[in-house]
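Have the viewer open while you read.

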Amino acid sequence: MRSSVIFALLLTGARANVRGVTELWTDEQTIAAGHAPRKNFTDSHNRLPVLQEYPADLNWCDKDGVNYCITSLNQHIPQYCGSCWAHAALSALADRVKIARGGGNKGADIIPSVQHVLNCGTAGNCYGGTAGGVYQWIMRNGGVSTVTSQPYLACSSTSTEGFCPNVDTSCSAQNIARTCGGYDSEGGACTGLDWYPNVTVADYGHIAGYLPIMKEIYHRGPVACYISSDPILNYDGGIVEIEADSLDHVVTVVGWGTDASGDRYWRVRNSWGDYWGEYGYFRAKFGALNLTNCEWAEVADYTAPEKQNWHSCHEGGDNCKAKHQNDWKAEIRIM
């Protein structure tokens with residue numbers, strides 16, 4: 001059976017790990033939320049050149065001496081939140097923004113806001129979601145704000161952990177992008193913004209199989225991939241070789257390498273923090289962890305200092321204040 005067919009059967013059957021926990025939606029949940037499983041917006045991936053032979057090693061975190069990878073994040077603080085699907089999708093997108101900017105010499109990383117997706121997106125919550133649905137939602141929404149105007153709280157509307165029951169995660173202007181002024185004369189309190197840095201998506205799709213994954217990564221950058229997480233819960237280094245037949249987690253694949261015996265492995269960034277694994281990363285042999293299906297997205301535009309496309313807001317946000325403070329009608333704008 002083709003890997004994409006197997007993947008569809010796994011998600012349709014909601015196959016979780018041995019702990020009975022999954023952070024992935026089934027196909028039925030994905031469709032009910034208005035997204036299409038394994039959807040390709042265009043055929044641009046198919047039109048990418050196929051190499052007769054791919055390099056033995058490719059790492060977007062150190063490609064020709066340049067780092068195109070953003071910092072590792074942790075989905076599990078300040079309390080547990082099963083948002084790997086959003087972290088992986090947005091981390092891969094952020095890497096591609098960094099690639100578009102020319103790497104690590106362009107200043108601070110531009111990181112899309114996972115919390116904006118949790119507050120307003122329709123692709124999941126702290127108990128699971130769909131990585132492909134994140135890209136579909138961003139395109140429909142017109143973009144996603146960045147973490148500097150909507151930091152991660154590890155809460156969604158369904159969360160019961162920690163302080164989440166006391167947190168407003170409704171999709172209001174303040175929960176898309178906000179600032180909280182320190183001076184009453186400048187607006188005071190917290191203000192939802194109409195003008196704020198953001199990232200937009202031009203194309204997205206699903207790929208299955210080692211060669212399509214390599215082709216996408218080689219030509220365009222990191223991708224978000226589905227895996228079984230049980231074998232890496234207590235991972236502390238090395239190349240994971242354990243095969244699996246379940247899917248419960250999403251990670252960002254940034255490249256691949258070749259071991260001393262000539263076997264290839266994936267280079268993977270997780271969303272469990274720098275303290276975990278190989279400083280937030282791990283390596284998995286081709287065929288391990290059921291890593292054969294991934295999602296990708298192409299960047300349309302982004303707000304960045306070098307593009308001079310930002311709008312300067314006052315300390316209290318009074319000159320950027322959203323017209324609709326209590327609902328989702330705040331507009332995304334790139335100057």
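Let's start with Val250: skipping neighbours within four places in sequence, Val250 is in contact (heavy atoms within 4.5 Å) with Leu24, Cys84, Trp85, Ala88, Ala131, Ala224, Cys225 and Tyr226. Before going on, note that this is a predicted model, where local features need pLDDT of at least 70 and side-chain atom pairs count only at pLDDT 80 or more, while totals for chains, interfaces and linings use all residues. Residues are numbered from 1 along each chain as its sequence is written, and side-chain values use heavy atoms, with hydrogens and water left out.

Which residues touch the most other members of the largest nonpolar core? Leu93 and Val250 do, in a set of 42 residues. A nonpolar core here is a set of buried Ala, Val, Leu, Ile, Met, Phe, Trp, Tyr and Cys residues joined through side-chain atoms within 4.5 Å. Buried means under 20% relative accessible area, exposed means over 50%, and partly exposed is in between (1.4 Å probe, protein chains only). Elements supplying at least two residues each to this core include α3 (84-101), α4 (114-120), α5 (131-141), β7 (198-208), β8 and β13 (293-302). Of the contributors, α3 gives the most, with nine residues. Helices (H or I, at least four residues) and strands (E, at least two) are DSSP runs, numbered from the N terminus. There is also a second, separate core of 33 residues, and among its members are Leu58, Val240, Val251 and Trp256.

Strand β10 spans residues 249-258, and nine of its 10 residues are buried. Two strands count as paired if DSSP finds at least two bridges between them. The table lists some pairings, including those of β10.

| Strands | Sense | Bridges |
|---|---|---|
| β1 (residues 58-59) and β10 | antiparallel | two bridges |
| β8 (residues 223-227) and β10 | antiparallel | five bridges |
| β10 and β11 (residues 264-269) | antiparallel | six bridges |
| β11 and β12 | antiparallel | five bridges |
| β9 (residues 239-240) and β12 (residues 281-285) | parallel | two bridges |

At the residue level, Tyr226 has Val250 as its bridge partner in β10, and Leu58 has Trp256. Trp256 also stands opposite Trp266 in β11. The hairpin of β10 and β11 has five residues between the strands, and Gly262 there takes a positive phi near 95°. Further along, Tyr265 stands opposite Lys285 in β12, and Val240 stands opposite Ala284 in that strand.

**Helix α5**

Ala131, one of the contacts of Val250, belongs to the buried part of α5. That helix is mostly covered, with eight of its 11 residues buried. Besides Ala131, the buried residues are Gly132, Gly133, Val134, Tyr135, Gln136, Trp137 and Ile138. Thr130 caps the N-terminal end, with a side-chain oxygen 3.5 Å from the backbone nitrogen of Gly132. Just after α5, Gly142 takes a positive phi of about 95°.

Met214 lies in helix α6 (residues 210-220). Is Met214 buried or exposed? Its relative accessibility is 1%, so Met214 counts as buried. Met214 and Trp256 are 42 residues apart in sequence but 8.2 Å apart in space, C-alpha to C-alpha. Leaving aside neighbours within four places, Met214 is in contact with Tyr54, Trp256, Arg264, Trp266 and Phe286.

A search of the whole structure turns up 10 aromatic pairs. Rings of Phe, Tyr and Trp (its six-membered ring) pair if their centres lie within 6.5 Å; planes under 30 degrees apart count as stacked, over 60 as edge-to-face and the rest as tilted. Tyr210 and Phe286 have ring centres 5.4 Å apart and planes at 40°, so this pair is tilted. Tyr210 sits in helix α6 and Phe286 in the loop between β12 and β13, so the pair ties together parts 76 residues apart in sequence. Tyr210 is partly exposed, at a relative accessible area of 33%, whereas Phe286 counts as buried at 17% relative accessibility. Phe286 also forms a stacked pair with Trp266, at 4.0 Å centre to centre and 20° between the planes. Elsewhere, ring pairs link Tyr235, Trp272, Trp276 and Phe282 into a cluster.

**The whole chain**

Zooming out, the protein has six helices and 13 strands, and buried residues make up 53% of its 335 residues.

How values were computed
A polar contact is a pair of N or O atoms within 3.5 Å; within protein, one must be able to donate a hydrogen and the other to accept it, and residues adjacent in sequence count only if both atoms are side-chain atoms.
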